Amino acid sequence: MPWIVAQDVADQLDIEVDDRLSNCTAAIKSEVERLRSDLDFTGAVEIPASIVYASILWACILYQHRSAPNGFAGYGDGADVVGDVIGSRKADIYRLLGLRRPVTA
């Protein structure tokens, strides 16, 4: 069984699964697997609850922005839509994902 599915996100939002929700969940799943390439996402090892929860929150935010009347700010401008959509929640989500902020000199 995958470590995150659209039903997890639908349960958090208290809605039914639709194609947009499935696509948002798949996008976040792919991005988290890319960002946390140090983890085994094959199902051999249980994924930490904080990573699953952060991914669900991130997918919720992506879905809610996509459903907003104005859509994504900057969509089509070459912006990193998946990363930029989390805005002020970025620090919380990245912390739960176990990502560190970049070190600057």
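Ala49 is exposed in this predicted model, with a relative accessible area of 61%, where exposed denotes over 50% relative accessible area, buried under 20% and partly exposed the range in between, computed with a 1.4 Å probe on protein chains only. The residue has its place in helix 3, which covers residues 49-67; helices are DSSP runs of H or I with at least four residues, strands are runs of E with at least two, and both are numbered from the N terminus. Although Ala49 and Leu97 are 48 residues apart in sequence, their C-alpha atoms are 9.5 Å apart in space. The model is a predicted one, in which local features need pLDDT of at least 70 and side-chain atom pairs count only at pLDDT 80 or more, whereas totals for chains, interfaces and linings use all residues. Residues are numbered from 1 along each chain as its sequence is written, and side-chain values use heavy atoms, with hydrogens and water left out.

Leu35 lies in helix 2 (residues 19-35) and is partly exposed, at a relative accessible area of 25%. When residues up to four places away in sequence are not counted, Leu35 touches Trp58 and Leu99, a contact being defined by heavy atoms within 4.5 Å.

In helix 1 (residues 6-13), the buried residues are Ala6, Val9 and Ala10. Seen down the helix axis, these buried residues fall within an arc of 100°, so they line one face of helix 1, the arc being that of the directions from the axis to the C-beta atoms. Just after helix 1, Asp14 takes a positive phi of about 60°.

A search of the whole structure finds two aromatic pairs, for which rings of Phe, Tyr and Trp (its six-membered ring) must have centres within 6.5 Å, with planes under 30 degrees apart counted as stacked, over 60 as edge-to-face and the rest as tilted. In one of these pairs, the ring centres of Trp3 and Phe41 are 5.0 Å apart and their planes stand at 40°, so the pair is tilted. The pair links distant parts of the chain, 38 residues apart, with Trp3 in the segment before helix 1 and Phe41 in the loop between helix 2 and helix 3. Trp3 is buried, with a relative accessible area of 12%, and Phe41 likewise counts as buried at 17% relative accessibility.

The structure holds zero disulfides, a disulfide being a pair of cysteine sulfur atoms within 2.5 Å. Cys24 is in no disulfide, and the nearest cysteine sulfur, that of Cys60, is 9.7 Å away. Cys24 counts as buried at 7% relative accessibility, and Cys60 is buried with a relative accessible area of 5%.
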